[in-house]
Amino acid sequence: MAENLNIPSDIVDKSKKYQSLIPQIKALVQGEKDFIANLSNIMSALKYGMNFYWVGCYFVKDNELVLGPFQGPVACTRIAFGKGVCGASWKEKKTIIVSDVDKFPGHIACSSDSKSEIVLPVFKNNDVALVLDIDSAELNTFDAIDQHYLEQIVHLIESLL
Ligand code: SME
């Protein structure tokens, strides 16, 4: 397992940052079979590699979402089906990008510092097993580029499930 991330500080283009980070994340989980250990490192690598405000996941458990490994300030522990951006992503089985959380009806504010968000569902046997939730302290952080690269992370998590 690799022990450090190396994202050259002169990389400003986010596609290039993801291109540098993703192979390192794959190396990070190689050779370790414990799912929670791998997921925990993936959350940390995304948070610190991309400099996001909050990165974490919520597991579908007993018909609600329950907080899993994350990096960032403490967060809400349980989210109901269809509630907030996470619950909506679970219900609609699709990635949701929110440019301004104040304009998303029902957004759950775990932190008032969070301004924009992306949530991606992770599937096992065609059902959502967990969602990957990333928050930014700035408006309009996430777009199709983030979705493209974060879906690669989702596929990696699916391969570990
Ligand atoms: N904002 C999310 C809740 C989880 S936190 O952002 C960590 C939502 O509306 O589902």
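## Around the ligand

β1 (54-61), α3 (84-92) and β6 (127-136) each bring at least two residues to the shell around the ligand; helices (H or I, at least four residues) and strands (E, at least two) are DSSP runs numbered from the N terminus. This is a predicted model, in which local features need pLDDT of at least 70, side-chain atom pairs count only at pLDDT 80 or more, and totals for chains, interfaces and linings use all residues. Residues are numbered from 1 along each chain as its sequence is written, and side-chain values use heavy atoms, with hydrogens and water left out.

The biggest share of the shell comes from α3, with 3 residues. The shell has 13 residues in total, and Val-85, Cys-86, Ile-108, Glu-117 and Asp-135 come nearest (near: a heavy atom within 4 Å). By class, the shell holds 8 nonpolar, 2 polar and 3 charged residues; Ala, Val, Leu, Ile, Met, Phe, Trp, Tyr, Cys and Pro count as nonpolar, Asp, Glu, Lys and Arg as charged, and the others, Gly among them, as polar.

Here are some N or O pairs between protein and ligand:

| Residue | Protein atom | Ligand atom | Distance |
|---|---|---|---|
| Cys-86 | backbone N or O | oxygen | 2.8 Å |
| Ile-108 | polar backbone atom | nitrogen | 2.7 Å |
| Asp-135 | polar side-chain atom | oxygen | 2.7 Å |

On its own the ligand has 310 Å² of accessible area, and the protein covers 99% of that (Shrake-Rupley method, 1.4 Å probe).

Conventions
Polar contact = N/O pair within 3.5 Å; in protein donor to acceptor, adjacent residues only side chain to side chain.
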